[in-house]
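Subject: Structure for your review

Dear colleague,

Please find below the structure I promised to hand over, followed by notes on what was found in it.

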Amino acid sequence: MAVIMKEICFEESPFFLKYIFLALILTVSALHLFWHRHGNLTKALLLPSIALYYISSTPSVSPVFLLALAASWLGDILLMRRGTRWFTAGGISFMLSHLMFMLFYARSIDFHLLKLCILIPAAIIYCTAAA
């Protein structure tokens, strides 16, 4: 997997490439906000633009983070269609993307510093408020 990620990473690319991808993100976002007639097209281009920026701006690409972005993109694509099945598939895709984002960010949290007497009630309150 590391070999594949090394091939995907833009190590040999010019320094300004990440700024080109950042400009692409801003352009696609602006088009999505103000060009409502082609909202599905711009929505489909946003997450790949974010992925390109991520790949070009980090020295070590995380496969988990890329998979989370891909699952979010798939959720966007599936929700463009009408119907209960498409909505369910899009929701499942977003759920998987959120789980992968949690896996990615959980590695940087030092959990033994958190007090369980604070964490457990906070999680219960969050879950009941969200329901």
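Which residues does serine 72 touch, not counting residues up to four places away in sequence? Serine 72 touches Leu47, Phe94, Ser97 and Phe101, where contact means heavy atoms within 4.5 Å.

Before going further, some conventions. This is a predicted model, in which local features need pLDDT of at least 70 and side-chain atom pairs count only at pLDDT 80 or more, while totals for chains, interfaces and linings use all residues. Residues are numbered from 1 along each chain as its sequence is written, and side-chain values use heavy atoms, with hydrogens and water left out.

The secondary structure of the protein chain comes to six helices and zero strands, taken as DSSP runs numbered from the N terminus (helices: H or I, at least four residues; strands: E, at least two). Of the 131 residues of the chain, 26% count as buried, meaning under 20% relative accessible area, with exposed over 50% and partly exposed in between (1.4 Å probe, protein chains only). Among contacts with a separation of 6 or more, 57% are accounted for by residues 24 or more positions apart. The chain exposes about 9,600 Å², of which carbon and sulfur atoms supply 74%; accessible areas come from the Shrake-Rupley method with a 1.4 Å probe, and for residues only the protein chains shown count as cover.

To return to serine 72, this residue lies in helix α4 and counts as buried because its relative accessibility is 8%. The buried residues of α4 also include Gly75 and Asp76. The end C-alpha atoms of this 17-residue helix are 24 Å apart, which agrees with the 24 Å it should span at 1.5 Å a residue, the expected span being 1.5 Å times one less than the number of residues.

On the α5 side, serine 97 is buried, with a relative accessible area of 0%. Leaving aside its neighbours within four places in sequence, serine 97 is in contact with Ala68, Ala71 and Ser72; from glycine 75 it is 22 residues away in sequence and 8.6 Å in space, C-alpha to C-alpha.

Finally, Ile92, Met95, Leu96, Leu99 and Met102 make a nonpolar surface patch of about 470 Å². Patch residues have over 30% relative accessible area and no salt bridge, with like charges joined within 9 Å and nonpolar side chains (Val, Leu, Ile, Met, Phe, Trp, Tyr) within 5 Å; a salt bridge is a side-chain nitrogen of Lys or Arg within 4 Å of a carboxyl oxygen of Asp or Glu. Methionine 102 is found in α5 (residues 84-106).
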